[in-house]
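Please look over the chain fold below.

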Amino acid sequence: MEQTVTFFDTWYNSTTKLVNDWREATEKLSGEQKSMWEEAGKMQQNWMHSFQTMMQNMQLPFMGGSGTSSPFAHTGMQDAFFNMLKSTDIYTRLFQLWQPVLQAMQHNTCQSQDFWKLIDQQGFKTFVDKLFGFDAVTPVRAFMDQSTQMMKLWMDSATEASKSFGPMFGNSMPFFGSFAQLNPQSLTQWYMQMAQTAQRSFAPFWGSTDKGQMPSLQSVVEMMQQWGNYMAKVNQLQTMLYKQSVSAWEKVMQTMADRAREGNVPTDFNQFYNEWSAINEAEFVALFNTDEYAALQGELIKLNSELTKAYEKQMEVFLQPYPVVLRSQLDEVYKVNHELRGRINTLEKLVSELQSNQSNKPETSAPQNQSEIKTSSAEENKPGRKENK
Amino acid sequence: MDFLSPQRVLEEFSATTAKLAQGFEALKQLDQVAVGAAPKQAVWQKDKVQLLQYARETPATAQTPILIVYALVNRHNMMDLQDDRSFIRNLQAAGLDLYLIDWGYPTPEDRYFTMDEYINGYLDAAVDVIRARTGQPAITLMGICQGGTFSVVYSALHPHKVKNLVTLVTPIDFATPRDLLSKWAQHLDVDALVDNQGNVPGELLNAGFALLKPLLKTTKYVSILNAVDKPEQLLNFLRMEHWIADSPNQAGECFRQFVKELYQQNRLVKGTLELGGRPVRLAAITMPLLNIYAQEDHLVPPEASIPLNDLVGSTDKSLTPFAGGHIGVFVGSRSQKELAPGIAHWLHERDT
């Protein structure tokens, strides 16, 4: 607990200090435009760095609950603060990205053909990823990490087998960071290649494994393949969003240029943001209303559910020898319970109808299966209510 | 563009960060925000479903009790966010005797519950409980969003138990051009989703709803930074956020059927929907109908709600547009003054 509270306090103190430093710097540097820009740039970077650290820490597993590790009394407040951080991050990044363009426009040096030269492309990609949550720690990411760890373990014990797979992972990782992934075809191939290489790499290892364990190894590789398919589709979706963003940003640029000619430029960044936001939202909604997008989204949801299921199955294989109740077994119990409950309901209705007919009353009797409740606050302690999020 | 001067940039960054730190301090002081605080009592329960009755200090001025049927998606608390933004309290103030069916939070054991069990099971049982408690042979059903669809289906199957039908922002025609959810549903392999996951996570639905207005979240959180030093405004904001995040999982089989037979096959308007082995014919709805839709609804576009009035057999039917969005209809300031009193007036006129 102490460590986390200290971490938050540290963030709060350093943020407050940063604000004070900026104020001081502003006073000192007034008039010296060039050095002032450098200072402003440095401070932006500092701010972003502290911001990122905070964001990353808030996504750590120990921050997930409402236990003693969080300074917030309720997880809802922690979520709200995280959303404030994330939104401010996006807002500030947008400013950073557009700053050179707006400056060029201000000095009448911006030509539309130069627009993308003034935008930091990696920053643009990161921005879109953040806007749509591709940067978030997702269960798939956690699954990927677990699988990678498992693979690494096996690779350590099967040195020869891992030779072709290891370098592939290592050598190809920088590829992720480049803009080449805007081509979904190449990435799909890359993922498939990776999955096939994984299969080849582990083939000798399976040969030396006990029969009983073979299906789980096979399943892991199948999962890796499924993961590859899923990530390829995610990448297609990202690409779609990047392309739509490019189109939206160009529209914003055109709108700004038109307005500059009319002498009607935004007077503060928030005004610019609102204009940018309205144009972008309309563009994205238009994209989301296409069959192409809807089909891809549908495929992603399907692949994600299949991956989750495959992972569960695999976990059950691992857990099989242990005295635990498996989810698939519980599902069977739920199914039987549901059927039994249905039969009881039918019988209760029948009894109710018979009683009603016997007493020859109009059909306004309460159902037999009702239970009167005397609680004053029905909202509290509701059955099945979710835990604090 | 004066805001691009280094001086202004520093000021902007400085101010934003200061607000963020203030926001951190303000949120640290707050406990869970309370929503749905209007006094009520659970009068019946089956499994996880409860029937709640809202407490009244004075007798109701309308004889016919009202059962509010909210959607399975999200929670009914949106209708009672806070004392001065409460559709429920406004209906009460207008003299109505209110009940609400609370669907609860489905857990994995509820994955096999079907639409038939929700409508002909829980909802029918709740209606019978109210009829028995009040001695009224028929009640008013007031359905909201998906709860409106359920109410329409119920009224078609059990017309003798429904005296009046009120629907708000209710999808009936699931295949209209501006309906983004409908577009997405056409490409959803709902069998794979339900077979693989059982219940459908509330988070998945929330992620979908967020995509309908993809920039909204960022914009509203940036805006709220200007109100971190205004406790009332901040609390209002947090109550709405609390409601949005409180998204129950959906019982798998019911979700499958709702998506497949309504969103994908549009069976309700085609007249091919069956429930519990009985056909659902909208023409069988002959009781008075008040159908209210939101003019700027991005979740249930007006075109999805409006056709109901042409499909029912009622002769006494009203179609009322209301300015605002899907949620704004219930929480907006105009709603507080006009929506509930308008509905209550319509019901009083028919309370004979």
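## A strand pair in the sheet

In chain B, S3(B) and strand S6 (residues 98-102) run parallel, joined by 4 bridges. Val69(B) sits opposite Ile101(B) in S6(B). Strands and helices here are DSSP runs, numbered from the N terminus: E of at least two residues for strands, H or I of at least four for helices. Two strands pair if DSSP finds at least two bridges between them.

This is a predicted model, where local features need pLDDT of at least 70, side-chain atom pairs count only at pLDDT 80 or more, and totals for chains, interfaces and linings use all residues. Residues are numbered from 1 along each chain as its sequence is written, chains are lettered from A and ligands numbered from 1 in the order in which they are written, and side-chain values use heavy atoms, leaving out hydrogens and water.

## The whole sheet

The open sheet has 8 strands in the order S1-S2-S6-S3-S7-S8-S11-S12 (chain B), with mixed pairing. Strand S1 (40-46) and strand S12 (317-322) of chain B are at the edges; each has a single partner strand, so one side of each lacks a neighbour in the sheet.

Helix H15 (residues 333-349) of chain B packs on the sheet. H15 touches S3, S7, S8, S11 and S12 of chain B (contact: heavy atoms within 4.5 Å).

## Two asparagines with positive phi

Asn74(B) is not a glycine, yet has a positive phi of about 60°. Its loop lies between strand S3 (66-69) and strand S4 (80-82) of chain B. Asn266(B), also not a glycine, has a positive phi of about 50°. Its loop links helix H10 (252-264) and helix H11 (267-270) of chain B.

Are these residues buried or exposed? Asn74(B) is buried, at 9% relative accessibility. Asn266(B) is buried too, at 7%. Buried means under 20% relative accessible area, exposed over 50%, partly exposed in between (1.4 Å probe, protein chains only).

How values were computed. Axes are lines fitted to C-alpha atoms, for helices over the stretch in contact, and angles run from 0 to 180 degrees between N-to-C directions.
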